[in-house]
Amino acid sequence: MAFASVYVPNFMLQAAVRAEPELRDRAVALVDGDPPLWKIVATNAAARRAGIEIDMGGSQAALFPDIEIRRRSRSQEKMAHAAFLDVGWSASPRVEDNALDTIVLDIAGLTSLFESVKNFAAELTERSASIGLHPNVAVASNVEVAIHAARGFPGITLIPPGEESARLSSLPIEVLLPSIETQETLRRWGIRTYGELATLPVPQLSERLGQEGVRLHELACGVYSRALVLADPETSFEEELALDFAVTELEPLSFLLGRLLDQLCARLTARSLAASAFCLRMELQDSVEEDPQLIRKRSQSNINLRTFEKTLRLPVPMRDSKTLLKLIRLQLQSDPPHGSIVKIILSAEPARPRAGQKGLFVPDSPDPEKLEITMMRLAGLVGNANVGSPQLVNTHRPGEFRMAPFSPAAQESHFAHKYVATKTALKEKETSPQSHRTAIAFRRFRPELAANVDSQEGRPCLIYFRGMRGNVIAASGPWRTSGDWWEERGWRQDEWDIEIHFDSSAKKQNSRAIPQNGLYRVYYDWVRRSWFVRGRYD
Amino acid sequence: MAANLAQLRSQVELALAGRVSSPFTLRDLSVEHVATGISEVDALAGGLPRGSLIEVFGPSCSGRTSLLFSALGARTMDAEACALIDGCDAFDPHSAEAAGIDLKQLLWVRCQNLEQSFRATDFVLQAGGFGFIALDLSDVSHEQVHRVPLDTWFRFRRAIEGTSTILLVLEQEPHAKTCASLVLQMEAEKSRWKSTLAPDRADFCRYPFSRLVNGSDIRAEMVRSRNHRGIKTDFQDVGELRKRDDKSVVFETSEIWGF
């Protein structure tokens with residue numbers, strides 16, 4: 001059995017820097033509590049060098065030049081911890097969530113994947129760095145030894161079986177995290193390190209410190225043994241960002257969204273997952289002067305306008321943060337939030353990543369990620385209802401259809417099916433006597449054109465529409481259709497296919513576009529009692 | 001002299017670096033052609049060249065849309081992703097499906113004006129991966145399309161050059177000039193009607209319902225073809241064509257009932 005413990009030193013500060021990576025090279029101090037009683041709770045090395053100390057007053061620290069002071073954010077720590085756990089699950093299915101800053105992995109049987117234990121530990125360090133955390137890693141045959149070594153030694157520590165006591169002996173007693181009283185007692189006895197504690201006799205230690213003393217002794221000797229307490233893998237992926245200053249414009253918002261997306265995608269990648277949907281929630285600040293329309297809207301409906309929510313459903317699971325940022329930007333451009341943003345919460349719905357291999361004989365098809373961006377752009381240009389793949393509706397109502405999302409199927413199955421169908425169709429075409437004929441296409445007028453029609457013996461003989469006059473030289477009809485008479489949208493029509501010979505005056509007006517003769521479809525609407533031109537054959 | 005030439009050549013290559021790769025290498029001009037689905041037109045033009053801009057023009061009712069539907073049907077049946085940028089929102093899905101187009105493979109963008117049409121075409125071209133893109137400007141007036149700057153057509157041609165995408169533009173008059181690799185002019189010859197009654201009883205004035213549209217004869221003329229000359233394609237062996245001369249053919253369209 002082998003265990004790897006991953007410990008993030010100065011976790012509070014690392015969580016804050018993870019949310020604001022530009023702070024990494026600067027002197028940073030975190031304050032907690034309510035002003036004016038707020039105190040410094042975490043600092044980095046640069047801040048310590050500048051003279052900032054833990055428990056220093058926040059107002060006092062603010063007097064130091066070039067120190068970035070940030071408020072401690074528990075939500076940031078929670079997000080960082082969730083990301084930290086994801087790193088654990090990316091390497092091993094058996095993970096213990098020991099503390100906010102510590103996780104323990106059961107790595108039995110896994111080291112062969114990385115050639116050596118050292119490589120495994122290095123990989124864990126690298127994966128943690130990809131989510132913005134820089135941990136210590138220790139590998140030992142005992143859970144507690146691994147935990148204490150990770151807390152006590154910087155970087156990567158490997159402790160072979162049998163050397164636990166010797167390796168831990170140099171660690172200071174504070175790493176054991178004893179109670180304050182016990183720590184004070186040990187200090188008075190002159191016990192400073194694990195090694196010194198390990199030399200004390202157990203019965204006498206038990207008499208003076210009770211069970212805690214015995215436990216601390218076993219820990220110092222590296223012989224305290226226990227089983228791993230396994231954590232259940234998280235299924236929610238959420239990142240949030242509280243802003244000190246409200247954001248009103250799309251550009252700075254995109255920058256922040258990009259950062260959140262980077263973090264989320266890194267977490268998804270660590271778990272070998274992708275996202276099938278994203279939910280963006282934003283908390284908006286109350287403005288001094290509210291838009292009267294918004295106030296009316298809020299009063300009419302029970303919608304909470306202080307929260308703005310958008311869901312982005314993806315046709316295929318994705319985890320490319322740049323593509324996702326473009327998609328979210330396009331959505332926000334078409335429907336921006338009505339107010340200043342003070343908090344952003346972005347959550348992803350995890351899904352298995354798309355895995356596909358194209359066949360050798362399958363034609364090219366648009367890349368799903370690019371296609372999704374294109375669809376969004378097109379929707380922004382012509383409207384959502386005007387872009388997609390047309391689908392026929394099961395009705396006899398003329399011209400009825402609906403738009404469906406465009407998702408071309410270039411998979412091999414589709415291709416094979418179509419290949420057989422095409423071959424069959426071609427064979428039929430070759431044997432058919434009308435093999436050289438092509439289907440005549442029909443073009444619709446939207447909206448249909450109003451027309452004046454003169455009839456003779458019940459058939460159209462003269463037609464006027466779009467300022468043109470034409471003689472009907474051949475007509476076929478009437479083809480009567482009706483339906484939905486039980487609804488308001490009921491229809492009853494007499495359709496005619498007519499060939500029109502346009503007057504030379506009409507020809508002069510638009511000689512290029514209007515031919516001498518043309519085939520049109522017209523109808524008499526019995527509901528509206530008028531003639532209309534539905535379209536023309538082209 | 002030779003040294004000067006070599007120096008000049010390297011200077012030109014350096015100046016064009018990053019924009020034109022191997023400017024002194026002769027490009028392979030062999031272009032794959034695909035069928036339009038109309039054997040007469042395929043025999044005339046050698047099919048539709050991939051990576052090219054093709055113009056089909058003519059007045060209304062001249063058979064431009066029939067050619068488009070036939071080409072779309074052929075491409076969608078080959079499981080290619082196709083796009084139709086509909087400049088005047090005139091596409092009829094019922095008629096298209098009856099003509100053999102697989103609507104699931106078709107992206108339809110319903111535009112309201114010319115600017116939208118061109119921007120939508122740009123977006124679709126940038127997406128890549130489409131086998132066939134049609135820009136339907138049939139109902140947009142010649143004067144409006146004429147105002148489109150020529151660099152737009154050059155941009156379109158540049159976007160599809162070297163790809164397997166075909167960009168077909170339907171219009172009333174040709175506008176892309178040298179950017180178009182193939183220009184076809186369409187013209188309706190005559191419409192055909194058929195009777196459901198015996199010839200001696202076929203009184204269409206008394207019984208107009210006894211007459212049905214049977215289709216029309218369409219003349220397609222090849223006005224310009226960059227790739228056709230000297231290139232033999234698979235489509236030139238189609239026999240028994242009703243050609244008027246070397247540059248035009250007549251084909252028949254037929255009515256499909258049920259839409």
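What is the order of the three strands in the open sheet of chain A? The order is β3-β2-β4, and the pairing is mixed. Strands pair here if DSSP finds at least two bridges between them. Helices (H or I, at least four residues) and strands (E, at least two) are DSSP runs, numbered from the N terminus.

This is a predicted model: local features need pLDDT of at least 70, side-chain atom pairs count only at pLDDT 80 or more, and totals for chains, interfaces and linings use all residues. Residues are numbered from 1 along each chain as its sequence is written, with chains lettered from A and ligands numbered from 1 in the order in which they are written.

β2 (residues 27-32) of chain A runs antiparallel to β3(A), and four bridges join them. Leu30(A) has Ala42(A) in β3(A) as its bridge partner. Helix α1 (residues 11-19) of chain A packs on this sheet and touches β2, β3 and β4 of chain A. Contact means C-beta atoms, placed from the backbone, within 7 Å.

Now chain B. Helices α5 (residues 114-127) and α7 (residues 150-160) of chain B pack at about 20 degrees, axes 10 Å apart. Axes are lines fitted to C-alpha atoms, for helices over the stretch in contact; angles run from 0 to 180 degrees between N-to-C directions. α5(B) and α7(B) are therefore roughly parallel (angles under 35 degrees). Phe118(B), Thr121(B) and Leu125(B) in α5(B) meet Thr152(B), Phe156(B), Ala159(B) and Ile160(B) in α7(B).

Conventions. Parallel < 35°, antiparallel > 145°, perpendicular 65-115°, else oblique. Contact = placed C-beta atoms within 7 Å.
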